Amino acid sequence: MPIHIQRRAAIGLLSGGAAAMLRGGTAVAAADTAAWMDFKARFLLSDGRVVDNGNGNQSHSEGQGWGLSLAEHHDDRAAFDRMLLWTRRNLRRETDNLHAWRWRPDRQPAVADSNNATDGDLFIASALLRGGRRWSDPALTEEGTAVARDVLRLLVRRAGGRLVLLPGAQGFEHRTHVVVNPSYYSYPAIATVAEAVPDPAWLRVASDGLRLLRVARFGRWGLPPDWMAISRTDRSVSPAQGWPARFSYDAVRVPLWLTWAGLADEAAVEAPLNFWSDTSHRQVPAWADLSTDSVAPYAAGQGVLLIGRFAARQRGILQDRFGSDASHEKRDYYDTALVLLARMAAAERSQSL
């Protein structure tokens, strides 16, 4: 895709499309409300902590940000306030408005690493901004704006001729390359924070992010990796060393964020759909190895299937392989959260799952 077309797509995303879509007030189906109530009963503690039961019952800024976003979507101010209070008390960093990425119940202190996770901060900021609009609460808007400003100030860097979004404030900038996580480009959240904190850098981050996703195509199916290295010298991209070279639990979110933001025609949506729909698989695999083209011996969760169904429908494709939403009783936190986020995205794109 020519650069001017990518830039035009980014302008549409940040100047109206997704930002307008994310102003809140979307109608919520009864089944989605029931799913939200179930999520709270299983994963939200009384003090406002969202529990990742598939990962040692720890908590993350990601989970708090997703929980806040879902609470706003479901107009659940009580749950929103509980989660926000816990997040402020336990994850807010002392030196800025970002949040520590992980809280572990089995450690003292529970936060041993104060580094942030950019996707968590983007969702926390966008949830606060959305909540401020929905509930006419300027204090939430002010807090969300402060987080957004620090994302822009502390997490945007130049690498290989592009403005990139660091996954965290420390540990991802190296002499020869910068490491990024493609799934941290959560375009719906970026659109919301860009509306609240106008700055040309957001447009460059968005358009350069689209450029990265169009070249980040690896393996048999041309898939984006969970973690990617960008060369400082020749602009080349490759799966980052130190992580498995996989399209896996992180990268499955890339087609969700793009489709949610109205960018379902992007190659980074088409390629995962082709992978998930490949009839040579006995089942939809949980991951693909981008070096060997081997796939997981076990199936993807229901959250991935709903992301696939949502993306396929937005592209005008009816795809039986993604099935229908089944019982959520045995899903863990991550799979359940992806289900609810896919439903939220579909509601905001005015299409039911």
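Let's start with W276. Leaving aside neighbours within four places in sequence, W276 is in contact (heavy atoms within 4.5 Å) with F247, V252, P255, V284, P285, V304, I307, G308, R321 and F322. This is a predicted model: local features need pLDDT of at least 70, side-chain atom pairs count only at pLDDT 80 or more, and totals for chains, interfaces and linings use all residues. Residues are numbered from 1 along each chain as its sequence is written, and side-chain values use heavy atoms, with hydrogens and water left out.

Now the core. W276 is among the residues touching the most other members of the largest nonpolar core, along with W66, F80, Y187, L256 and L258. That core has 106 residues. A nonpolar core here is a set of buried Ala, Val, Leu, Ile, Met, Phe, Trp, Tyr and Cys residues joined through side-chain atoms within 4.5 Å. Buried means under 20% relative accessible area, with a 1.4 Å probe and protein chains only.

Next, helix 9, residues 253–260. Helices are DSSP runs of H or I, at least four residues, numbered from the N terminus. Just after it, G262 takes a positive phi of about 85 degrees.

On to helix 3, residues 61–73. Here 13 of the 13 residues are buried, so helix 3 is largely enclosed by the rest of the structure. Just after helix 3, D75 has a positive phi of about 55 degrees.

Last, its partner. Helix 3 meets helix 4, residues 77–91. Residues of helix 3 in this contact include G67 and L68; those of helix 4 include F80 and M83.

Key:
Buried means under 20% relative accessible area, exposed over 50%, partly exposed in between (1.4 Å probe, protein chains only). Helices (H or I, at least four residues) and strands (E, at least two) are DSSP runs, numbered from the N terminus. The expected span of a helix is 1.5 Å times one less than its number of residues. Axes are lines fitted to C-alpha atoms, for helices over the stretch in contact, and angles run from 0 to 180 degrees between N-to-C directions.
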